[in-house]
Amino acid sequence: AFKRGGRGAVVALPPAPPAIPEPPEEIGDYARHRWDAFWQNPVSGLVNMKRDGEHLREWARLVDARHELWGVWEEVRSYRDKAALWRQIKDMSAEITRAEQVFGMTPLYKMRLTGALDQAEAAEQSIKTRRDRRPVEA
């Protein structure tokens, strides 16, 4: 990561979990593929399934439901029905996008997430440096 005045330290993300957590049982193959792909992503090491698991599972359910709606949308011939489906797909896409931003699934948000980690690491290092410089009273 680049900073003013020079090159900063590269943030090391925690490793991804050794075993991929189980996806929601009710999702289809497309959403399972997306679930597995997320866990191959380096930012997946930051996910705490006890704290974040329900949100991540909801993301997988939304991905699955949107994928199914796209299939229905392709088959529907009525303009009114297509418009109603399109609104649902659009709303689901917005929710999916928000979740992907939170979990750092897109390149921009992955970069922002690692940037935030980099800032936190720099702040911690600064505190340690100031603490080390303090004179020791006898």
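Modeller: Ready. Keep in mind that this is a predicted model.

Biologist: Is Glu54 buried, exposed or partly exposed, and why?

Modeller: Partly exposed, because its relative accessibility is 45%, and that class lies between 20% and 50%.

Biologist: Which element holds Glu54?

Modeller: Helix α2, which covers residues 49-75.

Biologist: And how far is Glu54 from Pro24, C-alpha to C-alpha?

Modeller: 9.6 Å. Along the chain, the two are 30 residues apart.

Biologist: Back to Arg61. What about its salt bridge with Glu26, how far apart are the closest N and O atoms?

Modeller: 2.5 Å. That pair links distant parts of the chain, 35 residues apart. Glu26 sits in the loop between β2 (6-7) and α1 (29-40), while Arg61 is in helix α2.

Biologist: Why would such side chains pair at all?

Modeller: Opposite charges can pair when the charged atoms come close.

Biologist: Which residues are linked in the network of salt bridges?

Modeller: Glu26, Glu54, Arg57, Glu58 and Arg61.

Biologist: How many salt bridges are there in the whole structure?

Modeller: Seven. One of them pairs Asp52 with Arg51, with 3.0 Å between the closest N and O atoms.

Biologist: Asp52 first: buried or exposed, and why?

Modeller: Asp52 is buried, because its relative accessibility is 15% and the cut-off is under 20%.

Biologist: New topic. What is the order of elements from the N terminus?

Modeller: β-β-α-α-α-α. That is two strands and four helices.

Biologist: What share of the protein's residues count as buried?

Modeller: 28% of the 138 residues.

Biologist: And the accessible surface, what does that come to?

Modeller: About 10,100 Å². Carbon and sulfur atoms account for 55% of that.

Biologist: Last one. Among contacts between residues at least 6 apart in sequence, what share join residues at least 24 apart?

Modeller: 57%.

Key
Residues are numbered from 1 along each chain as its sequence is written. This is a predicted model: local features need pLDDT of at least 70, side-chain atom pairs count only at pLDDT 80 or more; totals for chains, interfaces and linings use all residues. Side-chain values use heavy atoms; hydrogens and water are left out. Buried means under 20% relative accessible area, exposed over 50%, partly exposed in between (1.4 Å probe, protein chains only). Contact means heavy atoms within 4.5 Å. Accessible areas come from the Shrake-Rupley method with a 1.4 Å probe; for residues, only the protein chains shown count as cover. A salt bridge is a side-chain nitrogen of Lys or Arg within 4 Å of a carboxyl oxygen of Asp or Glu.
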